[in-house]
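Visitor: I would like to go through this model and ask what stands behind each label.
Guide: Go ahead; the structure comes first.

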Amino acid sequence: MTQETILIVGAGQAGGQAVQALRENGFGGRIVLVGDEPWRPYERPPLSKDVLLAPSDDDCFKGWMHEAQFYEACAVELRRGVVARLDTGRRVAILANGQELPYDKCLLATGGRARQIDQAPCGARIASLRTLDDAMRLRGLIAQSRAVAVIGGGFLGLEFAASASKRGLQVTVFEQGTRLLPRALPAMIAQKLRAKHEGEGVRIVLDSGALHIEEGETGVVVTGKDAGAAPFDFCVIAVGQVPNDDVARASGIETNNGIVVDRYCRTCAPHVYAAGDCANFPFGGTGQTLRLESWQNAQQQAIVAARNMLGESCAYRHPPWFWTDQYDWNIQMLGLLDAGIDRWIERPGADGKSMLIGLRGSVVVYALAINQGGELRAIRRLVEQAVLVDPEQLAGTSGKLREVERQAHE
């Protein structure tokens, strides 16, 4: 019998997790993992925190998904290169250098790339943060600088701001919106987070409007509508991510803000799947589609895709879960903020801990925890299964959430 080949395009979080899931679920065929970075798969959350804060360049990164010997032990062919397109009829991947890789099934785990802005292309003193190489370059800029501008007040921009502030830099964050993170955080939490940053010495400029960014030999000048012209040693662009769907488009596979897949991670092309930051998938029963940029989504969706490539029929149903670490705060979010929330319940805790729960009727659809990740895990099933709860019991600060969750399932 001919050995079956599974090709994974993209050696990031989703690609690395898919390799592991394939072997753990009994696949004994050939696995080819193609990545365009000079590294084996790694996790990206440490890039904006641990890598930037490490006291020494030596061994400052510990975010490898697997030990180096894992790929040899699992008989994985780890290749460096760029896949230009798939010939889905012949089931062949064509690399940019013209080489062809045949496959029986293919997973597109191509992730995303940092969004750029036309008026500030990356240069010697204008940088983005998406890859390990980016993070190492920013370590060098931080070490020789005193002031930095961050363009974008999303999670990545704020995580970088917190790390740079801890390293002693004067940090200014420019955000075009009228508040921080309107699609991710309730207004009251966004205001608390802004106050936290400002208490640490970070300057937050909201409603910044269009910015003019000019790079010189010794620094960068940022000019805004109300901020005037301000000099900085360097500038970080953190204005979101663009899905890497070029391979899919070149292969005639449907794209729309990413690679369009069904609940089973299948694209419109036979034998081709997609998972992670690049995948746009159905969510819930309303016909809504999402493309999520998170560690959890890349991890769990890759596992579902791997199992389905092996013949199972697993629908991807995991509720969105995000987290961010800024200063001494760990903020975790479960569910979607824009889910028709009509009631908020706040459960304050000791030592600055707090939890905010959003309900639609008597169903928990969103929860946010500050330094209370364990409590968030206690109600995960309530969000996953849309279980009816007693809002008054949920609001009782003396009650344990695990007890609320248990009673709701009785």
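Visitor: Which charged end sits over the ring of Trp64, and how far is it from the centre?
Guide: In this predicted model, it is the charged end of Arg40, 4.4 Å from the ring centre. The distance part of the criterion is within 6 Å, and 4.4 Å meets it.

Visitor: What lies over the face of Trp321?
Guide: Arg380, at 5.5 Å from the ring centre. That value also falls within 6 Å.

Visitor: Which aromatic cluster includes Trp64?
Guide: The cluster is formed by Trp39, Tyr42, Phe61 and Trp64.

Visitor: How many aromatic pairs does a search of the whole structure find?
Guide: Twelve.

Visitor: Why is the pair of Phe70 and Tyr71 called edge-to-face?
Guide: The ring centres are 5.0 Å apart, and pairing requires centres within 6.5 Å. The planes stand at 90°, and over 60 degrees counts as edge-to-face, so the label applies. Both Phe70 and Tyr71 are buried.

Visitor: What makes Phe160 and Phe234 an aromatic pair, and of which kind?
Guide: Their centres are 6.4 Å apart, against a limit of 6.5 Å. The angle between the planes is 85°, which is over 60, so this pair is edge-to-face.

Visitor: Which parts does the pair of Phe160 and Phe234 tie together?
Guide: Phe160 belongs to helix H5 and Phe234 to strand E16, so the pair links parts that are 74 residues apart in sequence.

Visitor: Why does Phe160 count as buried?
Guide: Its relative accessibility is 1%, and buried means under 20%, so Phe160 qualifies. Phe234, at 0%, is buried by the same cut-off.

Visitor: In what order do the five strands of the open sheet run, and with what pairing?
Guide: The order is E9-E16-E10-E11-E12, and the pairing is parallel.

Visitor: Why is one side of E9 and of E12 left without a neighbour in the sheet?
Guide: Strand E9 (126–128) and strand E12 (203–205) stand at the edges and each has a single partner strand, so one side of each has no neighbour there. From one strand to the next, the twist averages 20°.

Visitor: How do you know that E10 and E11 pair?
Guide: A pair needs at least two bridges, and five join E10 (residues 147–151) to E11 (residues 170–174), so the strands pair. They run parallel. Val150 has Val173 in E11 as its bridge partner.

Visitor: Which strands does helix H5 touch as it packs on the sheet?
Guide: Helix H5 (residues 155–166) touches E10, E11, E12 and E16. Its direction makes about 165° with that of E11.

Methods:
Residues are numbered from 1 along each chain as its sequence is written. This is a predicted model: local features need pLDDT of at least 70, side-chain atom pairs count only at pLDDT 80 or more; totals for chains, interfaces and linings use all residues. Side-chain values use heavy atoms; hydrogens and water are left out. Helices (H or I, at least four residues) and strands (E, at least two) are DSSP runs, numbered from the N terminus. Axes are lines fitted to C-alpha atoms, for helices over the stretch in contact, and angles run from 0 to 180 degrees between N-to-C directions. Contact means heavy atoms within 4.5 Å. Rings of Phe, Tyr and Trp (its six-membered ring) pair if their centres lie within 6.5 Å; planes under 30 degrees apart count as stacked, over 60 as edge-to-face and the rest as tilted. Buried means under 20% relative accessible area, exposed over 50%, partly exposed in between (1.4 Å probe, protein chains only). A charge sits over a ring if NZ of Lys or CZ of Arg is within 6 Å of the ring centre and within 35 degrees of the ring normal.
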